[in-house]
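Have the viewer open while you read.

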Amino acid sequence: MDMSFFKSRKLWVLGLALIILVGLATLPLYGSLYMTILMTAILMYIILTVSWVIFSGPSGYLSLASAAFFGVGIYTSAILLPNTGAVFPVIVVVLIAGAISFVLAVLVGALTLRLKGIYFAIFTFGLVVLVKEVLIFFEISVTGTRGRFIMLVDTHTIFYIMLGIFVVLMLTAYFIRRSKFGLALRSIGENEEAAAHSGVNVTMVKVITFGISAVFMGAAGAVIAMRWTYIDPYIAFNPLFSFLPVLMAIFGGLGQFYGPLIGAAIFAYLEETLLTKFPYYYMLIFGCVLVGTMLFMPMGLTGLIQKGWRRLIGGQHADA
Amino acid sequence: MRMLEGEKVTKYFGGLAAVSQVDFYVEQGEIFGLIGPNGAGKTTLFNLISGAFTPKSGVIKFKGKRISGLKPYKICRMGMARTFQEVKIFGNVPAVQNVALGALFGTPKSVSTAEATKEAEELLDFVGFAVPKNIPAGGLTLVNQKRVEIARALATKADMLLLDEVMAGLTPTETAEAMELVKRIRDRGVTVFLIEHVMRAIMGVCDRIMVLHHGEKIADGTPQEISTSKKVIEVYLGE
């Protein structure tokens, strides 16, 4: 009885995921161009959030380096896809961006992942500032330019690449969570010393996961750069992209696999709607929503959903 | 055969010698006890052996191979596991997975998740863990958390176990059970090196005992020799 409940639930989730995926994949057929562009932005936020959660969720290491990896992806795109003509095909550029972000994350991770708590958070944030300032210096004193223009890429192509990254990311996140690698990562978050003394190569697990999460941030940056068409270091390395993934993940709830996903989707949609409907009060309303979330939904949206669900079914599966 | 050997092991914290010029050895298959007043350097010595610290000078050998300076996970995979004075478990992870982690990562060979889970369940039974195994470990009683910790250490297929005050905070009945468990662990072929404050327990289970005081070894020998040693009585009871 119990097993069949889980089995049917699994099927249910899989079916729902497929329906959403098909709905997204066919969006350009029935939706407006605006819908496609909006969905691209939402997918970008989801990718940033979920890839942040892959590492920081289980390990407990609060990374604020997201903007750095995202920005590196953006600049990779800007350099390899200038408006004067592409050096490589679009998809190759996205892969290169992911690879560069991975290498950067592994190097930085190997250096800094021995830092704990607030020190790690500050250092990773420092990375964002560092890369940005180096680029500004480079543009001022070496190339003598300010910013770069990026080749025009078809809106649908951008959307589909973003969707592709999203699908690969969700599969990766799922398998990491379910694998023994995921268990090792969780054990590090729970008690790193005990994990190390139980045979977990904690440094390697942390560095590799940090690298994997950076791949998707870099790839997402490379794609969104094609949408933005003009970028400079201030746009590409906007610190907001370090904080938003954290906020979105907490907004959605870190307890469940789908929490950050829902959080990022609603958050991004909310931001977009508020920005267009109330351009002057958008930040004010947005702030109120965030404060309300923290105060009344400490477990995020998913916490609220589970509470409601339990009440609905009369608390039968209170610990499910 | 000597399972573990230390030669002039020394560790400083600032100017203070936490462990100073300590020589020791543990024979294969024995239960070796380490006692001493608070601050004597017992846990520091465990941290040096298990790789949490690197000795300033001196050599530690495990199964004849030098291990001082190796990372904890490497030492663990060589067959040495430990528990902690303050229980260190993965609180939000089910008890059985706490133990399975040891089986999955603590050995050089790769183990499937199903095998590791099965092994974890058997080991939890072995250590006398009698509550549902999928409860998150953080919600367990102290004695059961300690059982989980010991089972996790055993799951790494350890040949040697370092037990840091497993009996602290237990009721008399639980202490008796723990003493029994230590003997059963030895009977599985695992050499045991334990720190303990409960004198009755340590005198009852150990084959040999070493006494540390202010980081220095002041005595070693059989429980009989230790309990009649003048120096030891002085340290514990005052002159």
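## A strand pair to start with

Thr10(B) stands opposite Ser57(B), a residue of E4(B). The two strands involved, E1(B) and E4(B) (residues 57-62), pair in the antiparallel sense over five bridges. Pairing here needs at least two bridges between the strands as found by DSSP. Helices (H or I, at least four residues) and strands (E, at least two) are DSSP runs, numbered from the N terminus.

Before going on, some ground rules: this is a predicted model, where local features need pLDDT of at least 70 and side-chain atom pairs count only at pLDDT 80 or more, while totals for chains, interfaces and linings use all residues. Residues are numbered from 1 along each chain as its sequence is written, and chains are lettered from A and ligands numbered from 1 in the order in which they are written.

## The hairpin in chain B

E1(B) (residues 2-13) also runs antiparallel to E2(B), and eight bridges join them. Leu4(B) sits opposite Val26(B) of E2(B) in this pairing. Two residues lie between the strands of the hairpin, where Gly14(B) takes a positive phi near 60°.

Which residue other than glycine has a positive phi near 50°? That's Gln21(B), placed in strand E2 (residues 16-27) of chain B. Gln21(B) is partly exposed, because 14 other C-beta atoms lie within 10 Å of its own. For the cut-offs: 20 or more such atoms within 10 Å makes a residue buried, 12 or fewer makes it exposed, and partly exposed is in between, with C-beta atoms placed from the backbone.

## Chain B as a whole

Chain B holds nine helices and ten strands. Its C-alpha trace spans about 55 × 40 × 35 Å along the principal axes.

Buried residues make up 49% of the 239 in chain B. Of the contacts in chain B with a separation of 6 or more, 66% are between residues 24 or more positions apart. A contact means that the C-beta atoms, placed from the backbone, lie within 7 Å.

## The nonpolar cores

A nonpolar core is a set of buried Ala, Val, Leu, Ile, Met, Phe, Trp, Tyr and Cys residues joined through C-beta atoms within 7 Å. The largest one has 87 residues, and Val99(B), Ala120(B), Ala151(B), Leu161(B) and Val192(B) touch the most other members. Helix H3 (residues 95-105) of chain B brings the largest share of this core, eight residues. A second, separate core of 78 residues includes Leu43(A), Tyr75(A), Phe120(A) and Leu244(A).

Back to Val99(B): leaving aside neighbours within four places in sequence, its contacts include Leu123(B), Leu124(B), Val148(B) and Arg152(B).

## Where the chains meet

How many residues does each chain bring to the contact? Chain A gives 15 residues and chain B gives 22. On the chain A side, helix H8 (180-190) and helix H9 (192-197) each supply at least two residues, and H8(A) gives the most, with six.

Elsewhere in chain A, Thr229(A) has a positive phi of about 60° although it is not a glycine. Thr229(A) is found in the loop between helix H10 (202-228) and strand E2 (230-231) of chain A.

Key
Contact = placed C-beta atoms within 7 Å.
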